[in-house]
Every structure is written in structure tokens, then in C-alpha cells.
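Hello,

Here is the structure we spoke about, for you to keep and look through. My notes on it follow below.

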Amino acid sequence: MREILFMEPVFKTMIWGGNKLMTDFGYEIPSENTGECWAISAHKNGDCIVKNGTYGGKHLSELWQQHRELFGNLKGETFPLLIKIIDAKADLSIQVHPDDQYAKEKEQGSLGKTECWYILNCEEDAKIVIGHNAKDKVDLRNMIADKRWQELIRVRSINKGDFFQINPGTVHAIKEGTMILETQQSSDVTYRLYDYDRLDHGKPRELHIDKSIDVINCPHTDISVSGKTTHSEACEIEELISCDFYTVSKISLHGEQEFHQESKFLNVSVIEGSGEIDGTLIKKGDHFILPAGYGNYHMKGDLQLIASHV
Ligand code: ZN
């Protein structure tokens with residue numbers, strides 16, 4: 001089908017959210033604490049609506065159920081990926097996600113969550129949490145019981161344009177002053193390990209210590225990302241990661257070029273600049289799906305895009 005599916009994002013207010021989804025991306029946001037923009041999602045907690053064309057007004061989940069041909073007749077009960085933009089004005093809780101098997105058993109058949117982060121923007125001294133320093137589960141349990149958080153948690157500095165893969169079982173947290181584009185399995189299962197003893201409406205948010213200890217990988221190992229790059233005159237395509245659940249690439253276009261979309265569908269987010277795809281204007285903050293079998297397409301402009309497929 002030769003129709004591009006533009007998505008209407010869904011926004012989420014979070015205690016740690018800010019207003020950069022409005023000031024940086026131009027979205028109309030529901031509050032001054034808007035933490036997440038669910039940009040391409042068919043998850044029941046935030047199901048995007050198609051903005052345009054034949055399928056205008058339909059939820060992405062409906063298209064997945066009724067028009068599987070748009071997605072290359074891929075198998076599976078739910079649209080597999082979820083693309084978010086996150087604005088962390090304050091620290092997010094320190095958390096961990098289960099894998100598919102654990103989530104299926106313990107979370108009513110939900111998918112596990114593998115996720116990856118492209119740093120869209122951050123403050124000069126911004127930091128992030130990935131990994132921990134416990135050598136085994138006994139050590140982990142003791143450090144948690146003794147609240148030795150500083151000793152346990154691995155904090156690292158980040159810069160705009162950095163990329164991180166977060167596998168299930170990885171302790172992680174986005175920290176204040178960071179905007180990221182997240183590509184993840186379509187899952188909303190998070191185990192909160194530590195929330196800096198903060199209060200939300202006067203009460204601490206629920207922690208999930210036992211489930212966290214169950215799923216945390218010990219010892220932690222870092223994942224290296226791929227960084228394979230192809231160049232042409234107008235375009236650079238950097239493959240950021242390819243894992244069992246997704247392949248994510250960054251496309252930088254300055255000028256114009258023909259592309260080809262094959263049997264898979266492609267999720268695309270415009271993260272910088274403006275231009276055109278097959279004569280349709282696109283700009284920073286737009287998110288769309290190129291259906292499977294779309295074929296050749298033409299893009300021009302000064303654009304930075306993050307694209308993903310299964
Ligand atoms: Zn996470």
C-alpha cells in the first residue's frame with residue numbers, strides 16, 4: 001500500500017516530567033509535568049490514532065488486528081514495538097524490566113521489555129544509571145537490604161547523540177535534564193527498585209524489590225552497540241543496534257535521496273529538521289509508519305530520523 005501512516009501521539013503526565021515536549025518539540029501537552037510522548041504505540045495504555053488517509057481515525061491496534069498486511073503479515077497478538085520520547089526534568093526511579101518468559105509467567109502474559117535509548121538532548125553534566133556493582137545475588141540482596149544505593153548503582157555521564165541498549169535484567173534509570181527517544185518492546189512492565197525515597201501525593205510509590213532481585217542480571221555486563229555506518233552523497237545511515245526484537249538506525253539526510261522499503265514495515269521519528277517524503281512535508285516531532293511493501297520512496301531536506309523495524 002502506498003500510504004504513509006502518520007501517528008497522533010499520546011502524552012503521559014509523570015512526577016518527573018517537564019515541559020520540553022512543548023518547548024523543544026512543539027507538541028500540545030496536557031501539563032507542566034509531561035514525561036512521555038508515546039509516539040508510535042498500539043499498547044492498551046496509550047494506543048495512537050492514525051492522523052491521515054484511508055485509515056485516519058483508527059487506532060494502531062485496530063490496524064494491527066484488521067490489516068495485518070500493512071505489517072507484512074507478521075505474527076503476534078500485539079504490535080511488537082513502542083516508540084517514546086521521554087522528557088526527564090527530574091530523576092526517574094531506578095528500575096529493571098523482566099524478559100518475555102518471566103513477564104509471561106508473572107505478569108498475565110505481558111511481553112518482557114528490552115529497550116534502547118537515543119539521547120536527543122541533555123544538560124552539560126547529565127548522567128544516567130546503567131548497571132550495578134553487586135557480584136552476585138547474595139551481594140545484591142545485602143546491598144539493597146542495607147540501602148547502600150550509592151555503592152550499588154553505576155552512574156555514568158552522557159552526551160547528546162549517545163546510544164544505549166538496555167536488556168531485560170539491567171538496572172537502569174534516566175536522570176534529570178535528559179530527553180531521549182526510546183525504542184522498546186511493547187510492554188509496560190517495570191519493577192521499581194529504588195525511588196530516592198520520594199513522595200507522590202504524600203506517599204512513596206510502590207517498589208517491587210523481590211521481583212527486581214529475581215530478574216536483575218548478576219554480575220552486570222555492558223552491551224556494546226553496533227555503529228555500522230553507510231554513506232552516500234546526501235545521506236548517512238548508522239545502525240545503532242540490531243537485537244532479537246528490533247533494529248534501530250539513525251538517518252542523517254542533507255539533500256535528497258531515493259530509499260527502498262521492503263517486506264518489513266518501518267517506524268520513523270523525525271528528531272531534527274524538516275523536509276519531505278514523497279511530496280508530504282515532515283518536520284521534527286512527526287512520527288510515521290511506512291507499511292510493509294511500500295517500495296521506493298524519495299526524501300529530501302535537512303533531516304535527522306530514527307528508524308526501527310522488527
Ligand atoms: Zn526502562
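K84 has a relative accessible area of 3%, so it counts as buried. E182 is buried too, with a relative accessibility of 3%. Please keep in mind that this is a predicted model. The side chains of K84 and E182 form a salt bridge, at 3.9 Å from N to O. K84 belongs to strand β7 (residues 81-88) and E182 to strand β14 (residues 178-185), so this pair ties together parts that are 98 residues apart in sequence. The two also belong to a network of salt bridges that includes E36.

In total, the structure holds 15 salt bridges. Another one joins R156 and D222, whose closest N and O atoms are 3.1 Å apart. R156 sits in strand β11 (residues 153-157) and D222 in the loop between α6 (209-215) and β16 (228-231), so parts 66 residues apart in sequence are tied together. Here R156 is partly exposed at 24% relative accessibility, and D222 is partly exposed at 48%. A further salt bridge, between D195 and R205, has an N to O distance of 3.0 Å. Both D195 and R205 are buried.

Next, the metal site. Which residues coordinate the zinc ion? They are Q95 (OE1), H97 (NE2), E115 (through two OE entries) and H172 (NE2), at 2.1 to 2.8 Å. Along the chain, the donors follow the spacing Q-x1-H-x17-E-x56-H. H97 lies in the loop between β8 (94-96) and α3 (100-106), while H172 is in strand β13 (residues 172-174), so these two tie together parts that are 75 residues apart in sequence. H97 counts as buried, at 1% relative accessibility, and H172 counts as buried at 1% as well.

On the domains: the protein chain is divided into domain 1 (5-215) and domain 2 (229-309). Their C-alpha centres lie 23 Å apart. In domain 1, 33 residues are in contact with 28 residues of domain 2. The two domains bury about 2400 Å² between them, 72% of it on carbon and sulfur atoms. F6, L81 and Y118 supply 22% of the area that domain 1 buries against domain 2, more than any other three residues. Across this interface, 0 salt bridges are found.

Last, some strand pairing. Strand β18 (residues 247-261) runs antiparallel to strand β22 (residues 295-309), and 15 bridges join them. In that pairing, G255 has G301 of β22 as its bridge partner. Strand β19 (residues 266-277) is also antiparallel to β22, with 10 bridges. There, N267 is partnered by S308 of β22.

Regards

Technical notes: Residues numbered from 1 in each chain as written. Predicted model: local features only at pLDDT ≥ 70, side-chain atom pairs only at ≥ 80, totals over all residues. Heavy atoms only, no water. Donors = N, O, S within 2.8 Å, 3.2 Å for Na, K, Ca; no water. Helix = DSSP H or I, 4+ residues; strand = E, 2+ residues; numbered from the N terminus. Buried < 20%, exposed > 50% of the residue type's maximum accessible area, 1.4 Å probe, protein only. Pairing = 2+ DSSP bridges. Domains from an automatic or database assignment. Contact = heavy atoms within 4.5 Å. Buried area = accessible area lost by both parts, 1.4 Å probe. Salt bridge = Lys/Arg side-chain N within 4 Å of Asp/Glu carboxyl O.
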